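Thanks for coming. I will go through one structure today, starting with how it is divided up and ending with what sits inside it.

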Amino acid sequence: MSVIRKLAVVGLAISTLSGVAQAKELVVYSARQDHLIKPVFDLYTEKTGTTFQFITDSEAPLLARLKAEGANTPADLLITVDAGNLWQAEQQGVLRPVESDIINANIPAKYRSANGYWTGLSLRARTIAYSTERVDPAELSTYEALADEAWAGRLCLRTAKKVYNQSLTATMMESLGVERTTEVLQGWVSNLATPVFPDDTALLNAIEAGQCDVGIVNSYYFGRLEAANPELPIKLFWPNQDDRGVHVNISGAGVTHYAKHRRGAIAFLEWLTTEEAQRVFADVNQEFPANESVAPSEEVASWGSFKRDDVNVEVAGRRQAEAIMLMDRVGWN
Amino acid sequence: MPLPSVVSKPHWRAVAYTGAALVLMPLLVLALSWSSLDISIWRHLLETQMLRLLGNTLVLSVGVVAGVVLLGVSLAWLTSLCEFPGRRWLDWALMLPFAVPAYVLAFVMIGLLDFAGPLQTLLRSWLGNDFRMFSIRSTGGVIFVLVLVFYPYVYMLARGAFLAQGRGLMEAARILGHSPWHAFWRVALPMARPAIGAGAALAVMETLADFGAVSVFNYDTFTTAIYKTWYGFYSLQTATQLASLLLLFVLLALYAERRAQGSRRFPGVDKPRQGALFRLRGARGWLATGYCLLVLAIAFVIPLLQLFYWLLTSDRNDFDDRYWSLIRNTLSLGAIAAFLTVSVALLIVLARRLQPMRRVRSAVALANLGYALPGSVLAVGIMFAFSFADNQLLVPLQGWFGVDEPRPWLLGSLFALLLAYLIRFMAVASGPIDTSLARIRPALPEAAHSLGHSGFSVFWRVYLPLLVPGLLSAGLLVFVDVLKEMPATLLMRPFGWDTLAVRIHSLTAEGDWPRAALPAITLVATGLLPVIILIRRSAQPVSRRTR
């Protein structure tokens, strides 16, 4: 009797202790927005008991805060969008490399930092959207061809202040050279049907309304509108299939340099690359999982498969300043 | 002004310096940014951007000032001195647009009036696909939107000034043979000038600091260049250098305004007006009603209807339990920050009156400059100052006392966020307090003194009651501004303290404007009640409270 009671007490004590050990907390700074990360956090909390404290803001302020806090930062993990921003985080020394076989096995090297500072988690294609009413897809071929006179007054672009366009330009500079990229961008700007838009959604609305016929957008913006209106008279086109492929960008994460819960953060990051998490992380925003063994959602898959530009995404960070200056010079605001 | 001192003069000087130092702290970061120059970015900016940016910024500022003064003064004149159908409720209703954040009105107006919006789509369906009208995404469009959101600053302050002028002066002017128009130009307007100037100054500083609305229009100003330099080139240093140049412009503009205004002060009269001065009858009355209604409709009713339309046509139901905590956070932050900011601003304004020394005055004037800084830059300045204190002082101190896991106390705490609001909105609070203090006739406290009242008693029984309208206006402005505030809240909020503005940012950052309708409507609704209560209270004649 008393032995059983003792055992019960010990068992209870052990389970309490292990409960304490597991009920950890992770602190996350995220430039990926609340409604896109909360579902993933909730799933992980449900599975492991780990809870999350997080704030969201734009990349630059979050990096400034991490730097200012230095060794005293409460943040364990930085989640952000765009390869250029991840590269910046690495450069500014706010991340610490993670060597993980799980991550290495799940995520292709071209979507990871060469030094292990961060890993991509989801992909988005920045591609051509066209009006099915006014454009024959046979007219379309490459990003560069949108600079041709045939598109004069028919093209819509988003502002050059958005990092997605800066990354696109940076990778074009890498593949085509500065001179050719300048020509292309000049062509684009002179083909504009209307001043550039502040976001891709407004751009797609303009194509639908007939203000322009083609534009360059991130795939998930199209996915969002298509989900709301299946009759949307717009389709995605995958350009440059005979050469470098479609420009893809990533959202990703890294463990901070002074993480207080480094092991927990690594475990969470590893879990994020697994199929279970990849589904939620990518599907909630109609993106492509960075783990290539995980199939995209049915809807994303319905846009068709395509050849991706294999240029290392770090180029987006390395040549970002150069790209902005080029865009300024050709008058892309 | 011979305001009797409640405490000794050196104390007041200390108050002024402390207040100024607090607000100057983030500005120090701007000054420190000049330690080195990134030549390649500067050369690029000067060669390709600067001229256009300066031109755009100038055009925008001039346009907004002209618009807010025209709209604000004319509306204030009508509702405070005239009588016409609907005046009673239009009086406070015209403050409602103040509850709409500039970025929200910007995306609503573009949603409504751009090519893909309902108006142009309808017109095209009637007039054929080739129909084209003016583009809302233009210089005129930005000015239009900013005037509609910022005119309440001028309206509120000018209205207070007109109410305090009393009818005696205007009647005297009329008796001396001036026409109503002439009396307005020669008497009422010059007397209200300090208040109008203060309102216009707030509007222009908001305009210069604005990032949200101009980005929706993709209208490049000095401020968008600051952000681009920071977010794109990742050169926070160059961005803060640009921001300090922006402050220099503001300094010049404010100085020019002060010079033009001179040192004239217009104390209020003994008997503030009781009834309307001009009764607008018949067509003229309805014309006045129509004008006020038109402004209210364009700046408030139609945008709200559009937001409701977006809300009702979306099939998502985003309203969950977290919304209540968003509303609670937003309200508590606004209320606490308004109380704190008004208290500190009152102290500083009093200190300046009691110590009219040059150095104190310039310290206070400098302190108000913070308002013209783009929110993020100010927030970063405050953040640096706090994290410096944390890293160099508070964390080592905790370690010294043997605390197990020393953590930063300031950054990420509620206190830090409230202090950030205090610093940011000090200028907003001191404007109305200052103008209402200026209207107190020196004879009043003198009389109180001669009746044997001591310093504190004079403050409590004479000054405070007379200052109540000013304090209320100040509190209201700060409260609503805190509700709408985005950059500092984003950067400095403690975990779990998300506000409605933060939620709007989350959704609009990815271009999901219609889905932001829910938090936007909630935000406006949250700001409405205090706006209505306070404006109605301050509409009571001043005399009722001082009797």
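Before I give a distance, one term: domain bounds here come from an automatic or database domain assignment. Keep in mind too that this is a predicted model.

Let us start with chain A. Its assignment gives domain 1, made of 25-123 + 249-296, and domain 2, made of 125-247 + 306-329. Taken over C-alpha atoms, the centres of domain 1 and domain 2 of chain A are separated by 27 Å. The two domains do touch: 13 residues from domain 1 of chain A and 16 residues from domain 2 of chain A take part in the contact.

Which elements supply the domain 1 side of chain A, where domain 1 touches domain 2? At least two residues each come from α4 (83-91) and β8 (247-255) of chain A. The most come from α4(A), which gives five residues. By class, this side of domain 1 of chain A has four nonpolar, six polar and three charged residues.

Next, the two chains. How many residues of chain B are in contact with chain A? There are 40 of them, and they meet 42 residues of chain A. On the side of chain B that touches chain A, two or more residues come from each of α2 (39-81), α9 (212-217), α10 (222-231), α15 (375-400) and α19 (487-492) of chain B. Helix α15(B) gives the most to this side, with eight residues. The classes on this side of chain B are 18 nonpolar, 14 polar and eight charged residues.

Now the inside. In soluble globular proteins, nonpolar side chains tend to be buried together. Here the largest nonpolar core has 283 residues. The members that touch the most other members are L77(A), L78(A), V68(B), A106(B), V154(B), A158(B) and V478(B). Helix α6 (residues 139-165) of chain B gives the most to this core, with 19 residues. Each of domain 1 and domain 2 of chain A also gives the core at least three residues.

Take L78(A) as an example. What does L78(A) contact, once its neighbours within four places in sequence are left aside? Its contacts include Y29(A), L62(A), L66(A), A89(A) and V94(A), and also A253(A), G254(A) and T256(A).

Among the buried residues of α20(B) are L500(B), V502(B), R503(B), I504(B) and H505(B).

That is where I will stop.

How values were computed: Residues numbered from 1 in each chain as written. Chains lettered and ligands numbered in written order. Predicted model: local features only at pLDDT ≥ 70, side-chain atom pairs only at ≥ 80, totals over all residues. Core = buried A, V, L, I, M, F, W, Y, C linked by C-beta atoms within 7 Å. Buried ≥ 20, exposed ≤ 12 C-beta atoms within 10 Å, placed from the backbone. Helix = DSSP H or I, 4+ residues; strand = E, 2+ residues; numbered from the N terminus. Contact = placed C-beta atoms within 7 Å. Nonpolar A, V, L, I, M, F, W, Y, C, P; charged D, E, K, R; others polar.
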